[in-house]
Amino acid sequence: MEIKEWFNSPKAKTFWINIACIIGVLMIIPTITLYYLDYYTHHGERIEVPSVDKMTLEKAEEVLSRYGLVAVVTDSVKKKGYLPGTVCLQTPKAGSEVKDGRMVYLTVIRTTETMVNFPDVVGNNSVDEARQILHNLGFTFTPDKEVVSEAEGMVVNVYQGNKKLYANQSVSTNYPITLYVGSGIQEENEEDEAIGTDDYNNEADL
């Protein structure tokens, strides 16, 4: 059979129909696959993370769930300006765009009050030593305050708010403390007394 006759034969028509079907299937399968991949992975769908700052954990979980996001608590800390049990940090941050089902990691404020026996750091430790000891016990700090005292660089008082703290006192670590540090400068009345004494001694010598 000549080539021209074969192309005009029924077999040739069947052959080309089969080729066309194969090409069609090869084109359709990737298209369908990509479509279902987009569907299952939510390709192109982005959700803006809402702010849950200062919300209670329960409220934050509710809000995030409403957006299709999952709340996961990763840490609990103490932080000024926040109520116990509220969210103080979230990752990703508010306004970020993420996929549906993304986990949002939350840091919350501790709800339990931790009490410790306050150590004897006043008059016994430098400010750096005292800060390390107190930090290890779980305390946080406000800025140090310098006071007139000969004990330069030493802790001469510790306050929690307006409350003066003493050694072996039961103290909460939930609230920051302030270290009062000696300046190394002698009080003026003591200097005057010392000068007066020297003058008296000099006169006695004469």
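The legends below describe close-up views of a predicted model. Residues are numbered from 1 along each chain as its sequence is written, and side-chain values use heavy atoms, with hydrogens and water left out. Because the model is predicted, local features need pLDDT of at least 70 and side-chain atom pairs count only at pLDDT 80 or more, while totals for chains, interfaces and linings use all residues.

**View 1. The whole chain.**
The chain holds 5 helices and 11 strands. Helices (H or I, at least four residues) and strands (E, at least two) are DSSP runs, numbered from the N terminus. Of the 206 residues, 25% are buried; buried means under 20% relative accessible area, exposed means over 50%, and partly exposed lies in between (1.4 Å probe, protein chains only). Accessible areas come from the Shrake-Rupley method with a 1.4 Å probe, and for residues only the protein chains shown count as cover. Among the contacts in the chain with a separation of 6 or more, 71% are between residues 24 or more positions apart. A contact here means heavy atoms within 4.5 Å.

**View 2. The open sheet β2-β5-β3.**
An open sheet is formed by 3 strands in the order β2-β5-β3, with mixed pairing. Strands β2 (70-77) and β3 (87-91) stand at the edges with a single partner strand each, so one side of each has no neighbour in the sheet. From one strand to the next, the twist averages 25°. Two strands pair if DSSP finds at least two bridges between them. Strands β2 and β5 run parallel and are joined by 7 bridges; S76 has V108 of β5 as its bridge partner. Strands β3 and β5 run antiparallel and are joined by 4 bridges. V87 stands opposite V108 in β5, and Q90 has L106 of β5 as its bridge partner.

**View 3. Strand β5 and helix α3.**
How much of β5 is buried? The answer is 5 of its 7 residues, so β5 is largely enclosed by the rest of the structure. Helix α3 (residues 57-66) packs on the sheet and touches β2, β3 and β5. The direction of α3 makes about 165° with that of β5. Axes are lines fitted to C-alpha atoms, for helices over the stretch in contact, and angles run from 0 to 180 degrees between N-to-C directions.

**View 4. A nonpolar surface patch.**
V70, M103 and Y105 form a nonpolar patch on the surface, with about 240 Å² of accessible area together. Patches are made of residues with over 30% relative accessible area and no salt bridge; like charges are joined within 9 Å, and nonpolar side chains (Val, Leu, Ile, Met, Phe, Trp, Tyr) within 5 Å. Y105 belongs to strand β5 (residues 103-109). Its relative accessible area is 34%, so Y105 counts as partly exposed.

The whole structure has 4 salt bridges. A salt bridge is a side-chain nitrogen of Lys or Arg within 4 Å of a carboxyl oxygen of Asp or Glu. E62 pairs with K59, where the closest N and O atoms are 4.0 Å apart, and with R66, where they are 3.4 Å apart. K59 and E62 are 3 residues apart in α3, about one turn of the helix. E62 and R66 are 4 residues apart in that helix, again about one helical turn. E62 is partly exposed at 43% relative accessibility, and R66 is exposed at 56%.

**View 5. The salt bridge between R131 and D144.**
The side chains of R131 and D144 meet in a salt bridge, at 2.3 Å from N to O. R131 lies in helix α4 (residues 127-136) and D144 in the loop between α4 and β7 (145-147), so the pair ties together parts 13 residues apart in sequence. R131 is partly exposed at 27% relative accessibility, and D144 is partly exposed at 32%.

Most residues other than glycine have a negative phi, and most peptide bonds are trans. T91 and P92 are joined by a cis peptide bond, with omega about 0°; P92 is in the loop between β3 and β4 (97-98). K54, which is not a glycine, has a positive phi of about 70° and sits in the loop between β1 (47-48) and α3. N168, also not a glycine, has a positive phi of about 70°. N168 is in the loop between β9 (163-164) and β10 (170-172) and is exposed, at 66% relative accessibility.
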